[in-house]
Amino acid sequence: MNTISTSIEVNEASLRKEFDHCSDIVFRSFRLRDQTLLLLVYFDGMTRLQSVEDNILKPLLFSGLPQGIDRIQSLGEMFGREWLPLTDIKKDKSLEDLVHHILQGSLGILVEGEASALSVQVQGYKTRSIEEPKKESTLRGSKEGFVEDIHTNVSLIRRRIIHPHLKTDSFTIGTYTQTEVILAYMQGLADEKVLAEVRKKLEKIEIDGIIDSAYIEEWLEESSFSIFPQIQNTERPDIVTASLLEGKIALLTNGTPFALILPVTFWSGLQSADDYFERFIFVILIRFIRFLMTFISFSLPALYVSLSTFHPEMIPRTLTISIATAREQSPFPTVIEMLLMMIIFDGLQEAGVHIPNQLGPVMSIIGALIIGQAAVEAGIISTPIIIVISLTGIAAYMIPRYSAALPFRIIRYLLLFTSGLLGFVGFAFGMIFMLIHLVSLESFGTPYLSPIAPFDGTRIKDLIIRYPFWMKNGRNKKGRQQ
Amino acid sequence: MMRTVFLAFFSVGLVLSTSGCTDFVELNQLAFIIGTAIDYAENGQIEVSQQIVIPSKKEDPSKREGSSSFFVMSAKGKDVFQATQKIQLRMSRKLMANHRMIIAISEEYFKKDDVRKLFDKLIRDPANNLRDTIVMIKGGSAKEFLMLNHPIEPLSTIAVGKELQINGMRSFSSRQFVIETLTKGARPFMPVLQIENVKLSKEHDSPVAELHGFAVLDHHLKVKGILGLPEAPGAIWMSGKGSSQGATIPWNNNKDVVSFRLTRLQRQMTSANGHDPKHMVLTVKAQAYLLENTSQQDMSEVENMMELQKCLNKQIQKELQSTIEKVQQWGPDVFGIGEYLHHNYPYWWKSQRDDWDDKFKRIEVTVKTDIILRSIGVSGAPVK
């Protein structure tokens, strides 16, 4: 199977062989008035039939050959000039190309006596309409979110950056899924070295199928064993746009609303889109609280255990006695109690994601009443532990990006383990270990903790304190001067 | 590489946890000492009593009827540690003194034994947080003080600690005591409590520990005298420790009285003429707020205000001067004047420091006051 034969029967036979057992393939052949045989091949449900009927079938059947400035004598000539009232027409010389295009939803047109075929892009399948992103909702700012269709997604970005420097390179990845992946970047702003590296890595991917951008994420990451994500994912076009303008690179994957952004730093996980939409003074306050809550989200259980079981002299007097009173009945050591509650809390959280909507209330009753209240009243778990765990859980949701909060949930267990063994010494040990890892981690050449370590005074203006836009002279200004 | 790192961490964790190589103590394995009492015992021994809080009873008021939220255990020993060890042997939980609020020493112990023996334990043992307050119990034994109930607070010791704080006398921690004992140019000043029967309700009167005054201790930590309540606040002010206090002075040729709240208490020391260490000038500063006036005078009149401020300064000066003279007769320099002289006349100080308690008596100290009347209150003229 290689080139297209001039005989339409041969072609049809080989196409039918190729699409054997495909119930949704449609072959439609008909003769024009000049007795030329035509064959249309397409997949049912993948093409806009209306467009096919109006632009191809009707004119050919009823009006004969379309007449332009010159008179067209034969269908072959029309073919040569690609004279069809449709925009995207490709001429396929080989059968493989034709098959590929038909699979993508194009309409294949074969003509008796022609050694080539036309594939007309009339893709028209049902897609989800643009909705507000559920995972990263904001109070102010655009309500548009990415959808599964990559072309819609690219257009969402293209609409926001009206500049020819926005480049979109297309890659096809996956032996079977043939998934389209688009590498978007701003020419002149994005780092060429990073771009070359990403291109090289994308070409190297060998996989049967890409179901979600997460597949690509794992192929691209350098430190695969790190618990910290080195690529950010988002379903917000405005975040992608802002990142592109900062000189970052975005990867869009067909079939998923989640775009990838790289390189990222530790801090970008702690920034929300709303930070740039609200008044900056308020944002400074919220960011301080967010940093504090982030610290709480991984350290509070460990701090509680080390304070109450190793260093009770460091807790204020009245608080010590209150905690001691609450602990009078507890059968387990504090570490075990804390570990139990952490497992239960994470279990509840995970169950909440998977539980069918109708059963949601059932789980909140079980969670709140049975585990919260009954366990305390029965004296199995002490009240301060419940408070600590709930506070930790809430704190983790203060982190705006879900994937950015995941590493802290792992660290929570590690720190609990070290503090349970050695108290503050263990806590310090765990923290130092984490910091060493963070400092040595890189995301596509960018140190993970930058601009703090290594320190960069010009980029620090958007870390804890978000300076107003007219005071920031970072990446944006440089780009404007070019 | 990754494997070995993981294995190393895993095995270290496993070894530490399975061998029980942790030394955590749960809060319900601890007995919190809130107060310690030191009493005199025969044969050169001391009696140490520890007031221990019962956690499960502390927050529940319904259970407080009849049974108290604490208990006191005491034992005799040659030193504090030995006695405490004896108490520990009778306890199911580990004693923890880090949260102690009060160390009470009986007057009897001050008289018959040497307090300096206790001093070493105070600064050597790291379990002492030095945030607690050392008080002297006049009359009764210190152990008795620990056993008292208090009408509001669950423990008598907590009550005393709060009493001192709320009345602007924060600088009586044992840390301050240690500093004053170790410096040569200052002497400790210690709160004195007395147990008195107070009628709190119709049915019964109960014993309550009340602040009686402040003991002036000398270099050997012996009591040289006790300043009673009318004089003690002034002495605290002059030693630079107080933050606020009240004052009531006669007015209108002793026919009426006016009362003030004094805030922002400060004191300054200078030597007279700038070079004579034997003649000191102690200036006290404060801001006064008029809160009560029994006379019929209109205080919103500027002349009256000026008169009032002048009278206040004069009266306070008189009282403080007599307090200083009283303390000077006893000898110990609780005001820290010696420290000022040490800093400003180091060579002169060298000849004086060894017998400062005695030499302080011969220093001439003049008190000057600089009190500003800030406010005359909400109403100016008395209501007709």
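Before the first stop, a word on axes: they are lines fitted to C-alpha atoms, for helices over the stretch in contact, and angles run from 0 to 180 degrees between N-to-C directions. Helices (H or I, at least four residues) and strands (E, at least two) are DSSP runs, numbered from the N terminus. This is a predicted model, where local features need pLDDT of at least 70 and side-chain atom pairs count only at pLDDT 80 or more, while totals for chains, interfaces and linings use all residues. Residues are numbered from 1 along each chain as its sequence is written, chains are lettered from A and ligands numbered from 1 in the order in which they are written, and side-chain values use heavy atoms, with hydrogens and water left out.

**Stop 1: a helix pair in chain A**

Select residues 280–309 of chain A, helix H9, and 424–440 of chain A, helix H15: their axes come within 9 Å and cross at roughly 155°. H9(A) and H15(A) are therefore roughly antiparallel (the label for angles over 145 degrees). Now show side chains. On H9(A), the contact (heavy atoms within 4.5 Å) includes A:Phe295, A:Phe298 and A:Leu303, and on H15(A) it includes A:Phe427 and A:Met431.

**Stop 2: the sheet**

Still in chain A, look for an open sheet of five antiparallel strands, in the order E6-E7-E9-E10-E8. Strands pair here if DSSP finds at least two bridges between them. Which strands stand at the edges? They are E6 (166–173) and E8 (232–234) of chain A, each with a single partner strand, so one side of each has no neighbour in the sheet. From one strand to the next, the twist averages 25°.

Zoom in on E9 (249–253) and E10 (259–262) of chain A, joined by three bridges. Pick A:Leu251, and you'll find its bridge partner in E10(A) is A:Leu260.

**Stop 3: over to chain B**

Colour chain B by domain: domain 1 is 27–228 and domain 2 is 230–384, with bounds from an automatic or database domain assignment. Their C-alpha centres are 31 Å apart. Where they meet, 25 residues of domain 1 of chain B contact 24 residues of domain 2 of chain B.

Just after H8(B), click B:Gly168, which takes a positive phi of about 75°.

Technical notes
Parallel < 35°, antiparallel > 145°, perpendicular 65-115°, else oblique.
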